[in-house]
Amino acid sequence: MTQQQLPSKRSHLKGMIQVPGDKSISHRAIMLGSMARGTSKVRHLLMADDVQSTMQVYRQLGVTIETSGEDTVIVSPGVAHLRAPDQPLDFGNSGTTLRLSLGVLAKQPFHIDMIGDVSLQKRPMGRVLKPLEKMGLRPVTPATGLPIQLAPNQTLHGITYTLPVASAQVKSALILAGLQADQMTRITEPIATRDHTERMLTTFGVTLKRQDSTLLVPAAQSLSPADVTVPGDFSSAAFWLVAGVLVPDSQLALSEIGLNPTRTGLIQLLKRMGADIPVQMHQTSGEPIGDVLVQTQSLRGIDVTKNDIPAVIDELPLLVLAATQAEGVTTITGAEELRVKETDRIDAVTTELNRLGAQVTALPDGFSITGPTPLHVAEPTVVRSHGDHRIGMMLAIAALLTDGALTLDGAESVAISYPTFFNDLAQL
Ligand code: S3P
């Protein structure tokens with residue numbers, strides 16, 4: 001475990017930041033490139049541990065993935081397409097890689113062993129395995145989590161399925177299996193989740209139809225190779241967004257970030273809390289991209305409920321931090337999914353922020369936060385990332401508001417999604 005001294009309380013923050021590529025979109029670009037008939041090019045790929053796990057898995061499956069320059073890769077599946085791996089596929093810490101790959105690999109003529117790190121072993125996979133088994137996926141022994149062994153399987157059937165949890169990973173796994181099935185697959189999502197898979201598939205030559213909240217996935221599709229440029233990760237930009245709003249006398253420009261409306265719930269919720277966050281769009285087709293200007297704002301407490309959650313799911317730790325500085329009570333409910341992320345984020349956020357003097361109460365499915373509370377520690381204090389990249393980075397932003405010396409234990413976890421985070425922090 002690496003310990004990192006966090007910066008002390010700041011009186012202002014000024015600067016411009018361009019964050020690395022989007023993690024969700026980077027995973028999908030490697031996977032769709034691996035499924036395509038021909039060579040694809042991916043620019044501004046996120047070079048972080050989770051995406052390395054994806055590249056490693058698809059290399060083991062026989063795909064050639066070569067880096068060209070700093071963050072461009074060329075993805076070339078073999079003529080015979082994916083081949084049997086000679087070692088277990090190691091998904092590391094990456095839930096997205098594992099869940100989506102269960103869809104990609106649901107129909108393969110060879111046996112597959114799947115493993116991952118201690119955190120990934122604890123995460124629920126039944127939500128993907130159950131519908132995929134209805135389509136014909138064949139686990140060797142019944143499984144609801146890692147390790148998973150898949151038997152060879154040559155046929156998949158289309159199903160009609162309503163997602164019981166709002167999860168883009170489950171939806172995407174079913175889409176990727178559905179493209180290989182022998183009838184149409186219909187997926188209904190009661191609450192919209194991030195739609196990167198649907199948007200990127202259009203670039204790879206397959207367009208899904210939508211009837212209200214139901215997606216129609218055409219059967220027996222082959223993907224054409226494509227050129228993809230990955231936008232900056234909104235979830236990484238979110239750390240600076242919240243820092244800019246909370247640190248006094250700040251002005252930050254965040255350029256070229258992905259502003260897909262299924263991801264930007266944090267901006268909408270900060271607006272509901274009273275903030276003014278000007279956005280300038282550059283690209284509106286494919287993945288929307290734009291610049292965001294952030295200045296210090298005063299906030300008031302709000303109620304965040306189930307329908308708000310999917311568009312802010314990964315930014316909820318930051319929203320809790322913002323709520324500690326808002327006037328009044330903020331409640332966040334319908335967010336029980338946070339309990340099964342890289343760590344139990346409800347417990348981790350509550351424990352660590354309360355150590356800094358915040359008033360956060362954990363609820364079974366969210367939080368109640370009373371603000372504003374000054375953050376301070378009486379003596380040098382070690383806060384913990386709980387092995388979770390987003391908790392570690394949220395605490396580094398909390399340090400900018402905290403009187404007293406903080407050290408982050410488990411700082412290496414930031415490399416999962418934002419390896420240059422501490423360099424960008426130092427630059428501000
Ligand atoms: C992701 C979907 C979300 C999100 C995760 C990435 C994706 O997970 O929290 O970080 O890339 O599809 P769920 O599908 O479990 O909500």
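The legends below describe an overall view and several close-up views of one predicted model.

**Conventions for all views.** Residues are numbered from 1 along each chain as its sequence is written, and side-chain values use heavy atoms, with hydrogens and water left out. Because this is a predicted model, local features need pLDDT of at least 70 and side-chain atom pairs count only at pLDDT 80 or more, whereas totals for chains, interfaces and linings use all residues.

**View 1. The whole chain, with its extent and its confidence.** The secondary structure comprises 13 helices and 24 strands, where helices (H or I, at least four residues) and strands (E, at least two) are DSSP runs numbered from the N terminus. The radius of gyration of the chain, taken over C-alpha atoms, is 21 Å, close to the 22 Å that the globule rule (2.2 Å times the number of residues to the power 0.38) gives for 428 residues, so the chain is as compact as a globular protein of that length. Along the principal axes, the C-alpha atoms fill a box of roughly 60 × 45 × 40 Å. The average pLDDT, which is the predictor's confidence in each residue on a scale from 0 to 100, is 97 for the chain, and 100% of the residues score at least 70. Confidence is lowest in strand β15 (residues 279-283), with a mean of 92, and highest in strand β18 (residues 328-332), at 99.

View 2. Of the 428 residues, 61% count as buried; buried means under 20% relative accessible area, exposed means over 50%, and partly exposed lies in between (1.4 Å probe, protein chains only). Among contacts (heavy atoms within 4.5 Å) between residues at least 6 apart in sequence, 77% join residues at least 24 apart. The chain exposes about 16100 Å², of which carbon and sulfur atoms supply 49%; the areas come from the Shrake-Rupley method with a 1.4 Å probe, and for residues only the protein chains shown count as cover.

View 3. A cis peptide bond, with omega about -5 degrees, joins L146 and P147, and P147 lies in the loop between α5 (126-135) and β8 (148-150). Another cis peptide bond joins G371 and P372, with omega about -5 degrees, and the loop that holds P372 runs between β20 (366-371) and β21 (375-376).

**View 4. Helix α5 and the elements around it.** The buried residues of α5 are R127, V128, L129, P131, L132 and M135. These buried residues pack against α3 (95-104), β8, β9 (160-162), α6 (168-178) and β10 (185-188). After α5 comes G136, whose phi is positive, near 125 degrees.

View 5. D249, a residue other than glycine, has a positive phi near 50 degrees and is placed in the loop between α8 (234-246) and β14 (251-258). With 52% relative accessibility, D249 counts as exposed. E256 is not a glycine either, yet its phi is positive at about 55 degrees; E256 is found in strand β14 and, with a relative accessible area of 32%, is partly exposed.

**View 6. The surroundings of L259.** L259 has its place in the loop between β14 and α9 (265-272) and is buried, with a relative accessible area of 7%. Residues up to four places away in sequence not being counted, L259 touches F234, T264, I267, V279, M281, P288, I289, G290, D291 and V292. One of these contacts, I289, is 30 residues from L259 along the chain, and the C-alpha atoms of the two are separated by 5.3 Å.

**View 7. I65 in strand β4.** I65 belongs to strand β4 (residues 64-67) and is buried, with a relative accessible area of 5%. Once neighbours within four places in sequence are left aside, I65 is in contact with I30, M55, Y58, R59, V73, I74 and V75.

**View 8. V242 in helix α8.** V242 is found in helix α8 and is buried, with a relative accessible area of 0%. With residues up to four places away in sequence not counted, V242 touches L266, L318, L321 and A322. V242 and Q295 are 53 residues apart in sequence, while their C-alpha atoms are 9.6 Å apart in space.
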